[in-house]
Amino acid sequence: MGKKKRGHPDIEELLARPWCYYCERDFEDLKLLISHQKAKHFKCERCGKRLNTAGGLSVHMNQVHKETLQCVENALPNRSGLDVEIFGMEGVPEDILQQHNQRIIQNFYTAQAERQKATGNPPRGQSGGQGPSKKIKYETPEEIKKRLAEHRAKLAAQKAAAANGTAPPAAPADGQAPAQGAPPFPPQQPGYPYPAAGVPPVSGVPAVPGVPVVPPYGAAPGFPAPTGAFPPGPSPPPGATAPFALPARPPSGSPGAPPYFYGAGAPPPGYPGGAPPAMPAPDSAAAAGDSIDQLIRMAEAGIKPGAAPAKNGAEEAGGAGEKKKKGARMVYADTEVSPEEKMAMLPRYQWVEGAAA
Amino acid sequence: MAPATQFEVAQPPQDAISALAFGPGTSRRLLVSSWDKNVYLYEVSNNADEATLVRTFEHRAPVLDVCFGASPDEAYTAGIDHQVKKIDLATGDQTVLSKHSEAVRCVVFSAQHSLLISASWDCTLHVHNISQPSQPPLAVPLPGKPHALAASPTKLVVAMTARLVHIYDLPTLASAVDSQQPPQPWQQRESSLKFLTRAVACMPNDAGYATSSIEGRVAVEWFDDSPESQARKYAFKCHRQAAPEDEGGGDVVYPVNALAFHPVHGTFASAGGDGTVALWDAEAKRRMRQYQRFPESVAALGFSGDGRLLAVGVCPGFETGMEDYSGEGRTKLFIRELGESEAKGKGSK
């Protein structure tokens, strides 16, 4: 990949970067990652010895220093456990891997959308030769419908083949339609220009691309297969490219605070819980190859028309940030009287001159 | 992260910890003042794996602060009963040094100037010249209630309500005790933090100090009044936790209850209501380490004189709206032996 080393890497490059399970930093290559882990997470704080794994460090501390390693140093709050054996990229639990990929993707599209907004350039690889960048390039309803129809046909065929008559072909096809249809409807979705900012921070519900779109999607029963395709543990279908196979980034990770949303305590939506109610699994399975393109198209479509949606997004983001600020709850909020003064006033601690002495 | 060199003291105070202090120099004595009206004296064993309770000193009322004097046998306490006391740790004798008209919040001893300074909610400082016990203490009026007090080799920092910070020059204070004329502060500042100051600690190299507030923030400032030095001051957020989304998200912001500078490396530790202790490199503006969460809010913090030990006083935090508070049974004391370079900063980049 000699091209554009300095510029903005494309999504595949980003996803291919090795990253550290403990602190979510990513690295140019695996060697760097491993030396990072040895230096930052697997280094003995007593003698400075760098071990290869947390387990190794634990044994070392036990045998050499007679101490017990309780958690991995410099790790994100919920990643400091010793129960996972990590070496480089090995041993990273699948759900965490998915979360990470998804975050990368979202950050990527957010950044891309922002760049596009700022520069007016088209996304790379897309309509590169296209002339005036200001020209809004989004599909006409006809085009979309056509594509949707193609999609449907394709999916219905697949489904029919897969289900092999167990389900009446018509029903699933109907059920799938909205899900399939969801992504290709960008123009109707000004509030959904790109994954990160567009998804309203609804708690609990794993906000998934496509979900907020059409009510019929609620007819999830229309998908007989998908949930089974995503059992908690095992990896998603091999062909599934990450983007749509992933639950959207948890709402806590609002654009305002990208780097460490994991500490937020928001459970990794969807995956561990098993049955992800709103996961557009069929998308990922069927429309896998298409999804990135779709996303880009959506981003493009969402952003460009008059920049209004983008602005919406920005406002939303700002609003979220503000809300966050407002949401900050101080454990002790009296700005005049100190906790000690309050405690000293409690009968338990009160001092009355002459009463005691 | 937390090796077994951290241990819990077997006989912690009965109620919330208000302050703790290690003895001067290489002393392994640890004094802990508590809301249960006692001051506890512990001795940490040589291989730092246990601390034995040597004795307790009962007071009439909860004790808000404690510090060592010039020798490991001498201590001073600040009581809610308005008294500043000197305690002979060997004999247990208690002498009242001075009496304020309100509870005494803090006591600080300056070994270099042989001064004991107490700060009370009656909005005064009392400055005692310890080398001349017969001399009456000098009362210095303050514009607000003091909440935190700290001394560097030559300066005294008083943090008060309304974000007032006064810095006194200790030699000036020392001579003022003789003349009995309360001096003007050397500097008057407004806290860089927007909320009530919670703790102050001075750099051992006399260059500056750190303050913390009830709103999860720490500021680092320099004494030097020049614009260049003042431009170096900074503040940062810490001791916060993201709240679960179903509770509305946002951050839960904890007070930063205590600060302590490492006597050798000049790095500092902060203790928060979130039950964590973090080590910071003030020069490099980096967090060096954050220790594993303690079971309750961390109320007090102290390094030993040689910087090898870190004592952590843990008890439930007092939160807004509490009408009842008790640290009974939930107060704990931990002592951690630091590794050779554990608190050593990397220096600024």
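1. Contact here means heavy atoms within 4.5 Å. On that basis, among the contacts in chain B with a separation of 6 or more, 47% are accounted for by residues 24 or more positions apart. The structure discussed is a predicted model, and the remarks below should be read accordingly.

2. Chain B contains 30 strands and 2 helices. Its length is 349 residues, and 62% of these count as buried.

3. Of its 6 residues, 5 are buried, so the strand is largely enclosed by the rest of the structure.

4. S20(B) is paired with strand S19 (residues 208–213) of chain B through 6 bridges, and the two run antiparallel. Within this pairing, Tyr209(B) has Glu221(B) in S20(B) as its bridge partner. The hairpin of S19(B) and S20(B) has 3 residues between the strands, and Gly216(B) takes a positive phi near 40 degrees there.

5. S20(B) is also joined to strand S21 (residues 234–237) of chain B, in this case by 4 bridges, again with an antiparallel arrangement. The bridge partner of Val220(B) in S21(B) is Tyr234(B). As a general point, side chains in a regular strand alternate between the two faces of the sheet.

6. In chain A, helix H2 (residues 30–41) comprises 12 residues. From its first C-alpha to its last it reaches 15 Å, close to the 16 Å expected at 1.5 Å a residue. The N-terminal end of H2(A) is capped by Asp29(A), a side-chain oxygen of which lies 3.1 Å from the backbone nitrogen of Lys31(A).

7. The buried residues of H2(A) are Leu33(A), Ile34(A), His36(A), Gln37(A) and His41(A). Viewed down the axis of H2(A), these buried residues fall within an arc of 160 degrees, so they line one face of the helix. Helix H3 (54–64) of chain A is included in what covers the buried residues of H2(A).

8. The two chains meet in a contact that takes 40 residues from chain A and 54 residues from chain B. The size of an interface is often given as the accessible area lost when the parts come together. Between chain A and chain B, the buried area is about 4200 Å², and carbon and sulfur atoms give 58% of it. Val331(A), Tyr349(A) and Trp351(A) supply 16% of the area that chain A buries against chain B, more than any other three residues.

How values were computed
Residues numbered from 1 in each chain as written. Chains lettered and ligands numbered in written order. Predicted model: local features only at pLDDT ≥ 70, side-chain atom pairs only at ≥ 80, totals over all residues. Heavy atoms only, no water. Expected span 1.5 Å × (residues − 1). Buried < 20%, exposed > 50% of the residue type's maximum accessible area, 1.4 Å probe, protein only. Arc of directions from axis to C-beta. Polar contact = N/O pair within 3.5 Å; in protein donor to acceptor, adjacent residues only side chain to side chain. Pairing = 2+ DSSP bridges. Buried area = accessible area lost by both parts, 1.4 Å probe.
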